[in-house]
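Welcome, and please open your viewer. We will go from one selection to the next, with a short note on what to look for at each stop.

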Amino acid sequence: MTLTFIIDALVTVIGITTPILLAASGELVVEKSGVINLGVEGMMLVGTIAGFAVTFETGNPWLGILVATLAGATAATIFAVLVLSLGANQVATGLALTIFGIGLSSLIGSNYVGIAIDPVESPFPDALANDSFWRLIFGHSPFVYFAIVLVLAIGWFINKTRAGLVLRAVGENDLSAHSIGYPVIAIRYAAVAFGGAIAGIAGADFSMVISPLWAEQMTAGRGWIALALVVFAGWRAGRLLAGAYFFGVLMALELYAKASGHAIFPSQFWAAMPYLIAVIVLALISSRDGKDGKAPACLGKPFIPNG
Amino acid sequence: MRLRLEKRLEPSRTMLVMTPVLSVIAIMILGVIIFDGLGYDGPQAVWELFFTPVLDVYKWRDVASKAAPLIIIALGLSLGNQAKIWNIGAEGQYILGAIGAAGVAFATQSMTGFWIIPLMILVGMICGAFYAAIPAVLRTRYGVSEVLSSLMFVYVSLQLLSYLITGPWKDPDGHNFPQTAQLTDVQVLPHEVWDSGIPPGLLVALIVAIIFYIIVSRTVFGFSVRAIGEAPHAARYGGFSSNGIVWATLMISGAMAGLAGVLELMQLTRLNLGFPSGYGFTAIIVSLLGRSHPIGVFIAGIVLAITYVGGQVAQTVVHVPNATAGLFQALLLFAILASDLLVRYRIRINVSSPPKEGQRL
Amino acid sequence: MSVAPRLELTDVSKRFPGVLANDRVSLSVKPGEIHALLGENGAGKSTLVKMIYGIQAPDSGSILWEGQEVRIAHPRAARRLGVGMVFQHFSLFDAMDVLENIALGLDGAVSRKQLDAEIRLVMEKYGLKLDPRRQISTLSVGERQRIEIVRALLLNPRLLIMDEPTSVLTPQEVEDLFKTLRRLASEGCSILYISHKLHEIVELCERATILRGGKVVATCDPRQETARSMGEMMIGSDLRDPARGQVSVEGPVRLSVRELSLPKPDDFGVALEKISFQVKGGEIFGIAGVAGNGQNELLEALCGEHLADLHTVIEVDGAPVGRSGPSGRRKLGLCSVPEERNGHAAIGAFSLSDNAILTARSRMGFENQGFIHKAGADEFAANVIKTFAVKTLGPEALAGSLSGGNLQKYVMGREIMQSPGVLVVSQPTWGVDAGSAAFIHQALIDLAAQGSAIVVISQDLDELLRLCDRLSVINLGKLSTPRPVGDVSVQELGLLMGGSHGASAHDAGGIHAA
């Protein structure tokens with residue numbers, strides 16, 4: 001257990017946590033407004049291919065990230081139109097979005113199979129970013145720092161601003177909010193689009209940092225873990241941050257087991273672990289009857305104003 | 001000229017049947033545009049995707065053998081859909097069904113007898129039902145959403161399959177390929193029923209569809225499923241147990257997915273890493289396109305099977321990537337979800353008249 | 001030279017698919033006037049008022065505010081003009097506290113501290129009592145209404161619209177409300193008071209506009225009218241009192257409830273504590289109470305949706321049913337009609353025939369070995385429709401397409417025609433037009449005359465006093481000692497209903513729950 005090993009491990013954990021942290025934060029905002037968007041996996045994949053393709057074609061990673069963000073937001077908007085304006089069922093539409101994202105990214109990605117791009121590097125100067133110790137803090141990609149700032153900003157926004165209060169109101173009781181005069185549908189559109197944009201960034205993290213070599217379905221179900229994460233964070237930003245890193249540790253264990261070969265159990269066991277643990281934690285959280293950690297009351301219900 | 005949406009007094013039955021048809025047509029048109037945009041021969045691609053499998057008699061067997069598992073799984077899912085219980089993990093139950101049947105097969109490798117196939121089917125269905133029981137208990141005891149839990153278990157089942165194929169069940173004669181040994185002749189259903197050319201899977205699908213039709217329209221159980229989905233409080237008042245229905249619908253759909261898995265295993269005669277075909281997910285689209293009704297599901301299953309076969313054809317003829325089929329299936333789903341609006345609302349076109357005093361513009 | 005009216009509507013009309021909700025309505029409210037808008041359920045009062053508050057726009061006609069024509073496009077615009085509204089159904093958020101709820105009702109961001117101060121000022125001035133830190137879910141209905149009132153008052157309204165404010169209040173709380181309104185009116189604020197409670201309007205209002213079928217049928221001065229004369233203008237025909245007649249309740253005990261206790265079903269519910277009562281055949285037993293004191297929990301416990309601890313806690317004709325579900329209880333003769341028509345008593349998206357299958361399949365014989373006999377269900381549904389004069393196209397019509405009164409008649413008919421030995425109903429005529437309400441009351445009386453035991457849970461004291469033989473009050477999940485209807489006064493009932501909230505100011509030697 002050398003220092004280098006510990007630092008390597010921590011750096012890995014932080015790195016692989018980032019996409020689910022991002023995706024979950026975006027989905028947190030969406031769910032606070034009362035909408036459940038199961039299409040996170042699909043939106044991430046859209047961001048994955050958009051970021052990868054644009055970066056490869058233009059050589060500019062920032063452009064890649066921008067397009068990934070827009071792609072995620074656009075995909076989310078399709079969902080929003082179906083669910084908010086056309087009254088479609090949220091579960092089915094979210095799934096449709098996921099299948100769509102998988103299909104679209106495979107289709108466009110078929111041109112890029114096996115191609116690699118340069119991973120996006122740390123924004124800090126070389127001396128700090130590559131230092132054997134300081135890289136723990138300064139050696140991460142911009143995605144990592146963005147994710148942490150984002151979660152904290154979202155927490156502050158939801159709890160301390162008026163706009164956040166209105167968002168919560170819309171998720172708690174959309175009919176009351178509508179009666180008072182708040183634009184429920186518009187607020188939900190904004191929340192959903194925001195969630196999509198962030199999911200797009202999360203996806204880009206996969207193809208631009210974590211594994212900059214294109215392959216199909218790179219996200220491997222992490223989008224679903226992000227959804228589970230929102231539930232067992234009790235829809236609270238602080239718990240989301242902690243929960244995400246806990247998951248990061250599990251996912252890192254899987255990588256370690258596969259790489260080192262000696263892992264007590266076969267590698268498939270470790271690969272299954274994050275999903276099993278997600279289920280166990282969901283069960284423990286749900287059976288605990290907490291006052292905090294309650295879902296927004298309107299979650300998943302369609303908004304039907306009566307006059 | 002302005003379009004206005006007016007809520008219908010009752011959902012339109014015509015639209016209920018027309019919208020899937022309209023969706024398919026709309027997607028075909030959209031497909032021509034998308035393919036042209038991507039640089040392929042649009043009309044040709046759509047033709048190969050949708051029409052060739054229907055018109056080419058030699059493709060019918062392919063369509064039938066792909067439609068069968070889709071229909072069987074989708075029938076099970078439809079029951080749950082009506083109760084608003086979403087079994088997203090059918091793919092996992094499908095895999096477990098195949099694993100169960102394979103287990104029986106490897107344990108009876110040297111034996112013969114008519115009982116082997118029914119046993120494999122029974123065990124496969126039990127395994128599928130058991131795997132679906134896990135989300136059921138999580139929902140009834142712990143209040144965990146079956147959407148999330150059934151999905152998580154899909155990924156677990158993939159790992160289980162991978163472990164078995166590369167470990168204890170690896171084919172000793174397989175040159176270290178990740179695959180199992182082959183099933184023997186007594187462990188596999190014939191390719192067609194009594195020389196009719198119809199794959200046995202399709203016959204099973206037909207029988208299952210008829211059984212489900214009777215259950216849904218004639219039994220108290222079918223009534224209770226619909227009631228719980230529409231108004232859970234009223235269903236409770238009517239004496240129906242919500243937990244009981246959660247268990248029943250999940251286990252039934254799990255058993256159906258398991259059944260499909262067994263049939264597919266018998267078609268492929270062995271398990272390998274390519275076994276998870278995504279039928280469990282496509283079946284969700286089938287059940288929604290078929291409006292969760294046995295007849296609709298049967299037809300929808302055939303339609304989606306056509307896109308699968310058509311996708312392969314289009315790949316060969318027009319060089320469109322294979323992933324397109326999946327994209328189209330997703331677009332079909334979007335279309336049917338969007339067109340639901342027409343079932344509940346009527347579109348009114350307002351020819352404008354000069355605004356009266358006090359009237360809002 | 002008269003002052004311009006604060007609010008004047010001229011020939012305002014509004015149409016919805018299938019119905020003309022308001023037909024050239026004209027209305028005029030003077031500054032400082034308390035003006036009643038009177039009419040039955042469905043007469044068009046709510047629609048009219050939504051247009052004044054900017055939630056809907058009129059199809060034609062004009063609205064004048066202090067002499068100027070205005071177009072009120074949005075509730076925010078209405079608030080800016082000086083129109084405040086206290087809705088019948090509160091726009092509150094259960095999981096948040098009073099302060100946050102009030103903040104949400106305002107149009108701009110205000111700091112918590114400043115808002116707290118302003119709220120205390122308003123409450124002081126008008127004698128309203130509230131703790132800004134409390135979570136809404138812990139408040140009584142009367143307290144919740146106070147939040148809505150404070151919200152409206154913070155904006156210094158010139159016109160305050162109150163939509164059916166007293167349907168959820170105890171008699172004492174109603175008095176407090178009237179004091180507040182009179183105070184406001186004396187300061188020059190106009191009040192538009194919507195209600196169908198005639199005696200309140202006689203007590204409070206100076207002017208009344210009466211709507212029927214979307215049209216204005218009369219305007220009058222309630223101080224010169226009686227409740228009866230206004231009632232007749234409202235309905236357009238003579239009111240017929242249902243005939244209760246001489247009743248002797250010597251029959252055997254058909255329903256026995258012994259120490260029924262149930263924990264809270266969820267965070268926002270009410271626990272039931274040792275509820276005990278008995279009802280004989282031929283008797284109508286009433287349970288009065290303000291909403292939110294356990295009525296729904298009691299009905300669900302009686303009909304079997306929630307099981308009791310012991311089988312013997314509830315007995316029907318001597319047979320224990322405490323641990324049986326609704327189907328088991330129905331087999332033994334216990335039927336029920338919950339308060340919520342669409343979504344609980346009936347499934348809106350199902351046909352009337354399917355709704356018959358929902359509760360009557362066992363007692364009426366269209367369930368056989370797990371299969372449903374559809375023809376039997378159709379026949380039964382058609383019978384109910386005919387006997388209870390339900391206005392609908394037939395058994396295949398969807399329950400959701402029926403009007404409130406007609407659906408309630410169908411649901412009542414469905415249960416009554418199963419000839420239950422015991423019938424428990426909750427809010428039987430809530431939101432129902434007078435004609436259907438009278439029909440339902442007569443049907444209940446007739447059922448009792450045949451020897452069934454009936455329990456009526458209601459917020460409407462008039463209804464209970466007219467129908468019941470004995471009466472009891474439910475408050476915070478506890479039941480008071482049942483008393484014969486002749487022995488108890490409205491005042492006493494009011495105190496029992498108020499229990500520990502809100503009645504303290506009037507508690508001079510009050511009567512306590514047993």
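**Stop 1: the whole complex.** Keep in mind that this is a predicted model. The predictor assigns the complex an ipTM of 0.84, and its pTM is 0.84.

**Stop 2: chain A.** You will find 13 helices and 0 strands. Read from the N terminus, the order of elements is α-α-α-α-α-α-α-α-α-α-α-α-α. Its radius of gyration is 19 Å, close to the 19 Å that the globule rule gives for 307 residues, so chain A is as compact as a globular protein of that length. Along the principal axes, its C-alpha atoms occupy a box of roughly 65 × 45 × 40 Å. Of its 307 residues, 52% count as buried. Among contacts in chain A with a separation of 6 or more, 77% join residues 24 or more positions apart.

**Stop 3: Met43(A).** Now select Met43(A), in helix H2 (residues 40-58) of chain A. Is Met43(A) buried or exposed? It counts as buried, because it has 37 C-beta neighbours inside 10 Å, and the cut-off for burial is 20 or more. Next, highlight what Met43(A) touches. Leaving aside neighbours within four places in sequence, its contacts are Gly72(A), Ala75(A), Ala76(A), Leu97(A), Gly101(A), Gly196(A), Ala199(A), Gly200(A) and Gly203(A).

**Stop 4: helix H12 of chain A.** Select residues 237-260 of chain A, which form helix H12. This helix has 24 residues and reaches 35 Å from its first C-alpha to its last, close to the 34 Å expected at 1.5 Å a residue. Colour its buried residues, including Ala237(A), Leu240(A), Leu241(A), Ala244(A), Phe247(A), Gly248(A) and Met251(A). As you look down the helix, remember that an α-helix has 3.6 residues a turn, so residues three or four places apart point the same way.

**Stop 5: where chain A meets chain B.** Show both chains together. The contact takes 35 residues from chain A and 33 residues from chain B. On the chain A side, the elements giving two or more residues are helix H4 (90-109), helix H11 (222-232) and helix H13 (267-287). H4(A) gives the most, with 12 residues. By class, this side of chain A has 25 nonpolar residues, 10 polar and no charged.

**Stop 6: helix H11 of chain B.** Stay with chain B and select residues 279-289, which make up helix H11. This helix is mostly covered, with 11 of its 11 residues buried; among them are Tyr279(B), Phe281(B), Ile284(B) and Leu288(B). After H11(B) comes Arg291(B), whose phi is positive, near 55°.

**Stop 7: chain C against chain A.** Bring in chain C. Here 18 residues of chain C are in contact with 13 residues of chain A. Helix H2 (75-81) and helix H3 (98-105) of chain C each give two or more residues to this side, and H3(C) gives the most, with 4 residues. The side of chain C that touches chain A has 10 nonpolar, 4 polar and 4 charged residues.

**Stop 8: confidence in chain C.** Finally, colour chain C by pLDDT. Its mean is 85, and 92% of its residues reach 70 or more. Over residues 500-514 of chain C, the pLDDT is below 50. Beyond near neighbours in sequence, that stretch has 25 contacts in the model.

Notes. Residues numbered from 1 in each chain as written. Chains lettered and ligands numbered in written order. Predicted model: local features only at pLDDT ≥ 70, side-chain atom pairs only at ≥ 80, totals over all residues. Contact = placed C-beta atoms within 7 Å. Nonpolar A, V, L, I, M, F, W, Y, C, P; charged D, E, K, R; others polar. pLDDT = per-residue confidence, 0-100. Rg over C-alpha atoms; globule rule 2.2 N^0.38 Å. Buried ≥ 20, exposed ≤ 12 C-beta atoms within 10 Å, placed from the backbone. Expected span 1.5 Å × (residues − 1).
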